[in-house]
Amino acid sequence: MTSDTGLFDELGPKARKRLRIATVVSVVVLIGLIAGAVAQLAHVQQLTARLWEPLIQWPNLRYLLDGLLTTLEIGLVAAALSLVFGTLSGLGRLSSHRWLSLPCAAAVELFRAIPLILLVYFFLIGLPTFGWSLPTFWVLTIPIVLHAGAVFAEIVRAGVNSLDRGQFDAAAAIGLRRGQTMRLVVLPQVFRALRPALVTQVIRTLKESSLGYVVSYPELLRNGQVIGEYNANFLQTYALTAVIYIVINFGLSRIADLLDRPRRPRRTTAASPAVPTVPSETLSLR
Amino acid sequence: MSVLFAHLGELLTGLLTTLELAVLSFPLALVAGTVLGVCRVSPIGPLQSAAGFYVHCLRNSPLLLILVMVVFGLPYLGATIPLFGSVVLGLGLYFGAYVCETVRSGIAGVPIGQIEAARALGLTFSGVLRQVVLPQAFRSMVQPLGTIFINVSLASALGAAVGVQELTGSARQFNLDYAQPVPSFIAAVVGYLLITLTAGQLTGVVERKVRVRR
């Protein structure tokens with residue numbers, strides 16, 4: 001058994017024996033921990049059927065699934081809008097015009113430096129004092145778009161900056177203007193490299209949509225709270241809610257991994273096998 | 001604006017509470033994350049999977065859900081801890097998963113020659129980790145850990161949703177009391193900027209101090 005970190009390699013007979021003992025001990029400890037938790041749950045009577053039954057009754061389940069649908073709706077709408085906002089402000093920040101790059105930089109830095117919930121509260125109780133009251137969906141979604149978009153703007157900026165200088169030089173050499181270079185050369189490559197980040201963006205917005213709990217918008221967490229209150233089984237309902245979030249987000253993160261994987265071997269074989277990536281960067285003219 | 005200055009004390013108390021939340025939950029996350037990270041790189045299969053399971057579960061659920069579970073769920077388990085303590089616990093457990101991934105990539109970033117040399121000297125697995133790998137890994141982790149600290153202090157704002165009167169909570173309260181959205185939210189933004197910028201600067205200083213020159 002060799003670890004990819006190189007911390008240990010092929011074990012001898014003695015070490016194998018020790019490893020077996022450690023494995024058995026850790027299994028015992030882990031089972032002990034789980035048993036302890038279950039015993040404690042039983043002790044405080046949280047395992048009684050009365051508390052779990054509501055979760056398999058269709059009306060309750062349906063209410064949770066409705067919440068899930070809303071969560072997905074907010075997540076997808078916010079992710080899509082945040083990609084647009086993020087790309088525009090990320091590119092704007094790279095612009096050579098200061099009147100464009102400064103406001104973009106300020107917006108990105110501001111929205112990254114404050115907590116999302118503060119922004120939500122501002123939209124929820126701040127804006128109405130000016131007589132602007134948005135539908136609750138947008139009170140929740142706009143802050144998520146601004147926040148997640150600012151994060152994505154930095155990802156786009158890093159993506160553009162990590163692109164080989166030669167790409168810009170080549171584009172300039174064939175006479176493309178800055179805008180054309182971005183549109184025809186840079187962005188297609190950046191977005192191909194950022195495919196996993198696009199999926200991660202959906203995970204981010206799905207998680208952030210749980211702030212519906214704060215604005216009482218019927219998404220998954222809020223509906224879980226309502227069901228838990230109604231059936232007096234908070235622990236059980238929240239556990240199910242957590243499982244739903246985890247299954248969906250874990251599935252999405254696997255997709256992100258898959259999008260990330262097939263490129264790697266191809267790049268290492270196709271791009272110059274003898275010369276590693278470092279020299280190409282140091283050689284390029286700056 | 002004058003109302004704001006008259007009641008600046010309330011917001012300052014909120015700022016202090018935010019700082020306390022961050023300063024107390026970050027070490028918790030650090031300890032939890034280091035233990036988890038060491039489990040994930042250890043040769044012991046069950047520990048690897050258990051730590052991996054924990055990290056996947058926490059990273060894929062919303063922090064607010066974790067906070068709500070800890071704050072409103074723990075009492076049902078027979079553990080009554082004060083509200084402030086449960087928020088610290090929730091933040092620590094949640095960001096422990098992120099620290100774990102940072103520790104893992106920090107360990108992966110230690111050159112393999114270092115590890116081979118340590119093993120050639122006859123150090124055991126725990127010796128290699130404690131005396132050679134972790135000291136170097138932690139140095140390369142200063143920047144990511146600083147980012148996690150900033151994230152912890154921003155995320156502590158979710159405490160407002162479960163009833164902790166930290167900076168966001170007091171800005172919200174101030175706004176409810178005096179209907180002054182712009183000054184109160186600007187004050188809160190300034191408070192968060194103070195924390196994040198200071199943390200960023202400090203991280204930079206520490207990073208330069210402890211960097212491993214190779």
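User: How many residues does the contact take from chain A and from chain B?
Analyst: This is a predicted model, in which local features need pLDDT of at least 70, side-chain atom pairs count only at pLDDT 80 or more, and totals for chains, interfaces and linings use all residues. Residues are numbered from 1 along each chain as its sequence is written, chains are lettered from A in the order written, and side-chain values use heavy atoms, without hydrogens or water. Contact means heavy atoms within 4.5 Å. The count is 47 residues from chain A and 53 residues from chain B.

User: What share of the area buried between chain A and chain B do carbon and sulfur atoms give?
Analyst: Buried area is the accessible area (1.4 Å probe) that two parts lose on being put together, summed over both. Here that is about 4200 Å². Carbon and sulfur atoms give 79%.

User: How many salt bridges does the rule find across the interface of chain A and chain B?
Analyst: The rule asks for a side-chain nitrogen of Lys or Arg within 4 Å of a carboxyl oxygen of Asp or Glu. Across this interface, the number found is zero.

User: Which element gives the most to the side of chain A that touches chain B?
Analyst: Helices are DSSP runs (H or I, at least four residues), numbered from the N terminus. Those giving two or more residues include H1 (13-43), H4 (98-113) and H12 (234-260) of chain A. With eleven residues, the top contributor is H12(A).

User: What ipTM does the predictor give the complex?
Analyst: The pTM is 0.85. The ipTM is 0.87.
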